[in-house]
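Please look over the sequence and the three-dimensional structure shown here before reading the notes that accompany them.

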Amino acid sequence: MFPNADIELILPRPDRQDTWCFRINKQSRCFDGHFDGHPILPGVAHLALVLMACRLRDAQPRFLTEVRELRLRKPVFPDDEIAVTIDGPPNSELVRFELRRAGELVSGGVVGIQGRAADA
Amino acid sequence: MAYKGELPMPKESAIRAATLLPHTLTARLLISVLRYDQHGIEAIGEIPADHPLADGGFAPNLLGLELGAQAAAAHEALTRQHVADTSRPKIGYLVRARHVVFSTHELPVAAPFVVKALLDGAAPPMAMYRITVSRNEAALVSGEISTYSEI
């Protein structure tokens with residue numbers, strides 16, 4: 001998923017089956033032009049990380065159907081390691097999520113997701 | 001969206017988004033502003049084919065939210081021009097989104113979208129907008145966003 005984004009899965013958390021850790025590499029093109037001299041991960045890319053975690057949980061591509069709530073609390077910078085925790089049973093259509101950096105909450109919310117098999 | 005005449009806004013046929021937003025390269029999705037007034041903005045946007053989240057000619061629908069956020073940022077920039085002399089585009093941040101609905105799983109790249117952002121309320125540096133992203137008159141993304149702009 002997102003093969004051109006240069007977002008690295010560091011390792012699955014063996015102690016928490018609901019959490020996946022990603023590194024947003026400094027050279028990731030997600031930072032291109034956002035912003036020059038002051039790189040910050042675009043807020044919508046937090047949702048991309050959620051989809052990546054859902055893909056790992058469900059072993060199939062997932063798509064957003066809605067964003068019920070998204071709160072962006074802290075910026076994410078190059079080389080940050082982000083832990084994405086998703087709450088909901090496998091293949092659930094509603095997912096509550098939190099993104100944390102070194103334990104600090106950077107964003108959270110609730111999204112609706114769907115698999116491609118359900119795409120009419 | 002009518003020109004209300006309450007602010008001395010020029011009637012521009014199209015304003016290049018590059019002059020309004022700090023976004024550059026593939027990050028800037030908004031191309032031009034069609035019309036605006038103190039209530040909101042209508043613009044044209046496009047997802048570049050080489051966007052980092054794009055693959056195989058399509059991009060995730062979440063970039064519709066980014067299109068709406070950039071339209072809101074452009075509106076902030078345009079309306080600020082009438083209250084302060086701004087020498088450079090200020091950075092704005094998406095801080096909240098809610099009730100966002102997607103009618104499609106993916107968005108085509110290199111294809112124009114009509115993006116609207118209607119101001120719902122403001123308490124500077126915060127502002128709230130209702131956004132819609134449409135193509136061929138079909139709404140693909142709609143919802144509410146809150147933004148925070150540099151002073």
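Predicted model: local features only at pLDDT ≥ 70, side-chain atom pairs only at ≥ 80, totals over all residues.

Residues are numbered from 1 along each chain as its sequence is written, chains are lettered from A and ligands numbered from 1 in the order in which they are written, and side-chain values use heavy atoms, with hydrogens and water left out.

**Chain A**

- Chain A has one helix and six strands, and from the N terminus on these elements run β-β-α-β-β-β-β; helices (H or I, at least four residues) and strands (E, at least two) are DSSP runs, numbered from the N terminus.
- A compact globule with 120 residues would have a radius of gyration near 14 Å, and chain A agrees with 14 Å, the radius being taken over C-alpha atoms and the globule rule being 2.2 Å times the number of residues to the power 0.38.
- Its C-alpha atoms fill a box of roughly 40 × 35 × 25 Å along the principal axes.
- Of the 120 residues of chain A, 50% count as buried, where buried means under 20% relative accessible area, exposed over 50%, and partly exposed in between (1.4 Å probe, protein chains only).

**Chain B**

- Chain B has one helix and nine strands, and from the N terminus on the order is β-β-β-β-α-β-β-β-β-β.
- Of the 151 residues of chain B, 49% count as buried.
- Among contacts in chain B (heavy atoms within 4.5 Å) between residues at least 6 apart in sequence, 65% join residues at least 24 apart.

**Helix contact between the chains**

- The axes of helix 1 (residues 43-58) of chain A and helix 1 (residues 62-80) of chain B come within 9 Å and cross at roughly 170°; axes are lines fitted to C-alpha atoms, for helices over the stretch in contact, and angles run from 0 to 180 degrees between N-to-C directions.
- The two helices are therefore roughly antiparallel to each other, a term that applies to angles over 145 degrees.
- Val44(A), Leu47(A), Ala48(A) and Leu51(A) make this contact from helix 1 of chain A, with Leu62(B), Leu63(B), Leu65(B) and Glu66(B) from helix 1 of chain B.

**Buried residues of chain B**

- Leu29(B) lies in the loop between strand 1 (15-16) and strand 2 (30-37) of chain B, and at 1% relative accessibility Leu29(B) counts as buried.
- Not counting residues up to four places away in sequence, Leu29(B) touches several residues, including Ile47(B), Pro48(B), Leu63(B) and Glu66(B).
- Glu76(B), found in helix 1 of chain B, is buried with a relative accessible area of 15%, and, leaving aside neighbours within four places in sequence, Glu76(B) is in contact with Ala127(B), Tyr129(B) and Ser149(B).

**Backbone geometry**

- Most residues other than glycine have a negative phi, and most peptide bonds are trans.
- A cis peptide bond with omega about 0° joins His34(A) and Phe35(A), and Phe35(A) is found in the loop between strand 2 (19-24) and helix 1 of chain A.
- The peptide bond from Pro124(B) to Pro125(B) is also cis, with omega near 15°.
- Asp79(A) has a positive phi near 70° and, at 38% relative accessibility, counts as partly exposed.
- Asn136(B) has a positive phi near 50° and, at 71% relative accessibility, counts as exposed.

Conventions
Parallel < 35°, antiparallel > 145°, perpendicular 65-115°, else oblique.
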